[in-house]
Amino acid sequence: MSARLSEILDPNLVVLELREQTAAEAILEIVERLRDHGLVHDFYKLADAVMEREGRSSTNTGEGVAFPHARTDLVDRLVLGIGRSTAGISFGYSSELVHLIFLVGVPQRTVTDYLVCVGSLARVMKDKARRDALMAATTGEEFVELVRAASVAIE
C-alpha cells in the first residue's frame, strides 16, 4: 500500500450517507467535510475546480465508483474525502450510478503522489466484493479499515 494513501485515509473524512443527489452537490458536501477539518483554503473554489475537471472528462469508472479530483494550490497536501450514496448519484455521461466517491485534492507539486494514491484506490475498487463491503460499513473507521486491508491484500 502506498504510504501516501495510508497517511490520507481518515475516518473523519468519510461521509457514510451523502445527503445530496447530484454530482455537483455531492462534491460540495465532501469538500465541506475537508473544510471542516482544516484541509482546504477555499472550499467553494476547490469544489468548482473539481467540477471543472469533471466536466472535461468524467471520473465515473462505470462500476459505481468515481474519483473526482483537482490539481490546485487550494490544498497544502494531498487530501482525500470520501462519500457514499446508497441510492446512487448520476455522475458524468455513464448511465451507471455512482455509490462511492473518492475526491482528491492535490497540490500542483505532488502529482506523482496523486497517481500512486488513485492507482491504489482503483485497484481496491475493481473487486465487487470489496465495494459491497464498503457499502455495508457502518462507521467511518470500519470503512477506512476495509480500504486499508484491501490495499494491503493487493500489494
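The side chain of Ser85 reaches the backbone nitrogen of Gly88 at 3.0 Å, a polar contact (N or O atoms within 3.5 Å, one able to donate a hydrogen and the other to accept it; neighbours in sequence count only through side-chain atoms on both sides). This is a predicted model, where local features need pLDDT of at least 70, side-chain atom pairs need 80 or more, and totals for chains, interfaces and linings use all residues. Residues are numbered from 1 along each chain, and side-chain values use heavy atoms, with hydrogens and water left out.

**Around Ser85**
- Ser85 sits in strand β4 (residues 79-89); strands are DSSP E runs of at least two residues, helices H or I runs of at least four.
- Ser85 counts as buried because its relative accessibility is 4%, and buried means under 20% (1.4 Å probe, protein chains only).
- Leaving out residues up to four places away in sequence, Ser85 touches Glu17, Leu18, Val98, His99 and Met135, with contact meaning heavy atoms within 4.5 Å.

**Rings**
- Phe67, Phe102 and Phe143 make up one aromatic cluster; rings pair if their centres lie within 6.5 Å.
- Arg35 lies over the face of Phe43, 4.2 Å from the ring centre (the cut-offs are CZ of Arg or NZ of Lys within 6 Å of the centre and within 35 degrees of the ring normal).

**Helix α4**
- In α4, the buried residues include Tyr114, Cys117, Leu121 and Met125.

**Confidence**
- Mean pLDDT (the predictor's confidence in each residue, from 0 to 100) is 89 for the protein chain.
- Confidence is lowest in helix α1 (residues 3-8), with a mean of 71, and highest in strand β1 (residues 14-15), at 98.

Notes
Buried means under 20% relative accessible area, exposed over 50%, partly exposed in between (1.4 Å probe, protein chains only). Rings of Phe, Tyr and Trp (its six-membered ring) pair if their centres lie within 6.5 Å; planes under 30 degrees apart count as stacked, over 60 as edge-to-face and the rest as tilted.
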